Amino acid sequence: MIRDQIRQIVTEAIASAQLSGNLPQIEFPPVEIQRPNQPEHGDYSSNVALLVASAVRKATGERANPRQIAQAVAERIEPGELVGSVELAGPGFINVRLNDRWLQQSVLAIIEQGNDFGAIDKGVGQRWQVEYVSANPTGPLHYGGGRNAVLGDTLANLLEAAGYEVQREFYVNDGGTQIQLFIESLYVCYLQLCEEQDGLPQRNLEIPEGGYQGAYLHDYAKLVREQVGDRLAKLDRDDAIAELRQIGREIVVSDIKEELDELGVTFDRWFSEQSLYDEGLVDQLLEDLSGKGEVIKRDGAQWFLASKYPGNEKDEVVVRSNGLPTYFASDIAYHYDKFVRRNFDRVINVWAVDHQGHIPRMGAVMRALELDPDRLEILLYNLVKLIRDGQEVKMSKRSGDFLTVREVVEEVGPDAVRFMLLTTGPERNIDFDMSLAVQRRNENRVFYVQYGHARICSLLQRALQNGYQNPEEMPEDASEIVTLLTDPAELTLVRRMLEMEEQIELAVERLSPHNLTYYAEDLTKTFSVFYENCQVLHSEVPPQLARARLLLILAARTALSRVLRLMGMTAPEEM
RNA sequence: GCGCCAGUAGCUCAGUGGAUUAGAGCAUCGCCCUGCGGAGGCGAAGGUCGCAGGUUCGAGUCCUGCCUGGCGCGCCA
C-alpha cells in the first residue's frame with residue numbers, strides 16, 4: 001500500500017537522522033500516517049514529531065521542540081519516484097506530497113489491475129467466515145433482514161478484496177420449535193387444500209397456537225401438493241408431519257435462497273442446525289461441558305453457567321426441564337464446529353440489534369470452550385424503517401402480511417436496495433425512502449453514482465466512434481502520453497482513485513461496509529469535476545492530450561466499477 | 001432499575017487509530033451554460049459536534065456524570 005511505503009520512508013528518515021546525530025537516540029513510536037483534511041497539507045502527513053516531543057517531555061521533563069524534530073526527519077526524506085515533496089507545517093507535522101510523475105503512471109497501473117484494483121494483502125493466509133441473514137426458515141424474509149444480507153455480503157466482498165479467504169454461511173434454524181410450528185402450520189394448510197381440491201373428508205384442523213398463518217403458507221401448501229399429491233393427507237398426522245418436515249424445509253429454504261439471489265446475495269454453505277443434533281454433537285458438547293463444570297443441573301433443567309464470565313449476570317438454560325434443548329444448546333455446538341472443527345481464524349456474525357443481549361453469552365461460550373473470544377466478532381445493525389410517499393410502510397399491500405425483502409427489491413431494484421442500506425453506519429437506524437430510490441434525479445444518490453459510470457462508458461464509446469484508438473489496447477507510448485496529465489482536476493482524480501486500497505482496509509478494520517458508498521460518491525464527484533474542467537473529444541484538445549485523458553477515463557471506469565461491484569451493485573454502461 | 005447503541009448544518013448523514021481551518025448530499029441564495037449525456041459544475045450562507053465537568057500542548061474523537069430517543073434484560077429465537 002502507498003501509505004505503508006510512506007510510513008517506511010518516514011521511518012527510515014528517522015533512523016538516518018538518528019545515525020547522523022541530528023536526532024536523539026531515543027526510541028520513536030511507530031510512525032502513523034494520516035490523510036490530512038486540507039489538500040494544501042499534502043497527500044499524507046505524520047504527527048510523529050509531536051508524539052516524540054511529548055514523550056521526551058514526559059520522560060525527561062525537558063522541553064523538546066516538535067518542529068525541530070520534524071525538520072530533522074523531513075530533511076532526510078529525499079524526493080523520489082513516489083514522494084514529490086515534503087513540508088513542515090503547523091506545530092510539527094510532516095506533510096508529504098506524491099510525485100506528479102508517479103500519479104501519472106498510476107493511471108496505467110490502475111487499468112492493468114482492472115477488476116483487482118484496490119486489492120490488498122492484509123488478510124492473506126487467513127480464513128474468515130461471515131455468517132449472515134440466518135433467518136428462521138419459516139417464510140419469506142422480512143424486509144429488515146435485507147440490511148443483514150447487504151451488510152454481510154458486502155463485508156464478505158471487502159474481506160476478499162483485502163486478501164482473506166472468506167466463507168459465506170447461512171445458518172438454517174431447522175432444529176427448533178419455530179420450524180416445528182411452521183411445519184405443523186403448513187400441514188394444516190396443505191390438508192385444507194387437499195380437502196378442497198381432492199374432495200377428502202374435512203378434518204377441521206386449525207393452525208396451532210403460535211403457529212404461522214401468512215398468505216405465503218398457501219403458496220407453499222400448493223407446492224407440497226404439486227410434489228406429493230394428496231398422499232400425505234391420507235396419512236396419520238404424525239407420520240405426515242414427519243415427512244413434511246423435509247419437504248417443507250426444502251420449499252422455504254429455496255424460497256429464501258431465491259429471494260436473496262434477487263438481491264445478489266449468495267452463500268457458500270447453508271448450515272443445518274438439525275445436523276448438529278443428528279450427529280450427536282450437541283449432546284456430546286453438553287456432556288463435555290458438564291464434565292468441566294460449565295453446565296449443571298438445576299430445577300430440573302440444564303444450565304450453562306454463563307455468569308462465571310465477565311459481562312454475564314445470569315446463567316442460561318440449555319436443556320429445559322421438559323427435556324427439549326434451547327437454541328442456545330445448538331449455538332454452542334455450532335460455534336464449536338466453526339472454531340474447533342473448521343478452525344476459522346475469525347468468524348463474524350451479523351446480528352440485528354435486538355440480539356445484542358446474546359453477545360456476552362457467546363463470549364462466555366468461547367471462554368468455556370477455551371477459545372480466544374476475539375476470534376468471534378458480532379456486527380450489530382439497527383432496524384430499517386421503510387418510507388413511501390413520506391409514510392412509514394410495514395405491511396405488504398399484496399398479502400396484507402409483513403413486507404418482504406422480495407417486494408422491496410421488486411419495487412426499487414436490487415442496486416438501489418443495496419446502496420440505500422449502506423448509506424449509514426450499521427449501528428444507526430435507517431430510514432429507507434423507497435420513493436426517492438426510484439427517482440431519476442440527483443437527490444437519488446444511487447443514480448448519481450451509476451449515472452457517472454454510464455457517462456464514462458458513453459464517453460469511451462464516443463471516442464471509438466470518433467476514430468480514437470481504444471485505450472484498452474494500451475498504446476505503445478502510454479507511459480509517455482500520461483505525462484501530459486498535469487491539470488489539477490486530472491491529478492485529483494488520480495489521487496482519489498488511489499485511495500481505494502485505504503478505503504478497503506478501513507472498511508475491513510471497522511467492519512463498516514458503508515464507507516464504500518461515501519467513497520463511491522466522492523469518486524463520482526471528482527470525476528464530474530474533471531469532466532467539467534477538461535474536455536476530451538473536442539477539436540481544440542491536442543490529440544495526444546485527448547489520448548492521455550482517455551486513459552484516465554478508462555482508469556476512472558475501472559475504479560468506479562470496482563467500487564460498485566464491491567457493493568454488490570451493477571455498473572451500468574447506459575441508463 | 002441495569003446494560004448496549006444513537007444524539008454533528010434547516011433535513012438526511014459521514015468523520016470517533018486525539019492533531020494543521022469539523023465535512024458531504026439535499027434544501028436556500030448567487031454564478032457558470034451556444035463544449036463529450038445539465039440526470040452537471042463553481043461559490044455563499046448555514047455548526048455552543050445533546051448538556052456539564054475532566055485528561056491532554058491539543059478532544060466531535062478518550063474518561064466521569066447527566067438529559068433525550070431506540071433496543072435488550074424468558075426453561076423465546
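What share of the contacts in chain A with a separation of 6 or more is made by residues 24 or more positions apart? I found the answer to be 73%, where a contact means heavy atoms within 4.5 Å.

**Entry 1: ground rules**

I noted that this is a predicted model, in which local features need pLDDT of at least 70 and side-chain atom pairs count only at pLDDT 80 or more, while totals for chains, interfaces and linings use all residues. Residues are numbered from 1 along each chain as its sequence is written, chains are lettered from A and ligands numbered from 1 in the order in which they are written, and side-chain values use heavy atoms, with hydrogens and water left out.

**Entry 2: chain A as a whole**

I looked up the secondary structure of chain A and found 21 helices and 14 strands; these are DSSP runs numbered from the N terminus, with helices (H or I) of at least four residues and strands (E) of at least two. The C-alpha trace of chain A spans about 90 × 70 × 45 Å along its principal axes. Of the 575 residues in chain A, 54% are buried, and I use that word for a relative accessible area under 20%, with exposed meaning over 50% and partly exposed lying in between (1.4 Å probe, protein chains only). The accessible surface of chain A is about 26,600 Å², and carbon and sulfur atoms hold 45% of this area; accessible areas come from the Shrake-Rupley method with a 1.4 Å probe, and for residues only the protein chains shown count as cover.

**Entry 3: around RNA strand B**

I next asked how many residues surround RNA strand B. The count is 63, and the closest are Phe93, Arg320, Asn442, Tyr451 and Arg510; a residue is near a strand if one of its heavy atoms lies within 4 Å of it. Among the atoms of RNA strand B that come within 4 Å of the protein, sugar and phosphate account for 61%.

I then went through some individual atom pairs. For glutamate 532, an N or O atom of the side chain lies 3.1 Å from a base nitrogen of RNA strand B.

**Entry 4: aspartate 315**

I located aspartate 315 in the loop between strand S8 (301-304) and strand S9 (316-319), and at 15% relative accessibility this residue counts as buried. Its side chain makes a polar contact with the side chain of arginine 298 at 3.0 Å; a polar contact is a pair of N or O atoms within 3.5 Å, and within protein one must be able to donate a hydrogen and the other to accept it, while residues adjacent in sequence count only if both atoms are side-chain atoms. A polar atom of the aspartate 315 side chain also lies 3.3 Å from the backbone nitrogen of alanine 306. Not counting residues up to four places away in sequence, aspartate 315 touches Arg298, Trp303, Phe304, Leu305, Ala306 and Ser307.

I found alanine 72 in helix H3 (residues 66-75), buried with a relative accessible area of 6%. Leaving aside neighbours within four places in sequence, alanine 72 is in contact with Ala17, Asn22 and Leu23; leucine 23 is 49 residues away in sequence, and the C-alpha atoms of the pair are 6.7 Å apart.

Alanine 416 lies in helix H14 (residues 414-420) and is buried at 5% relative accessibility. Not counting residues up to four places away in sequence, alanine 416 touches Phe432, Ala437 and Val446.

**Entry 5: cysteines**

Finally, I asked how many disulfides the structure holds. There are 0, a disulfide being a pair of cysteine sulfur atoms within 2.5 Å. For cysteine 457 the closest cysteine sulfur, in cysteine 534, is 19 Å away, which is too far for a bond. Cysteine 457 is buried at 6% relative accessible area, and cysteine 534 is buried at 1%.
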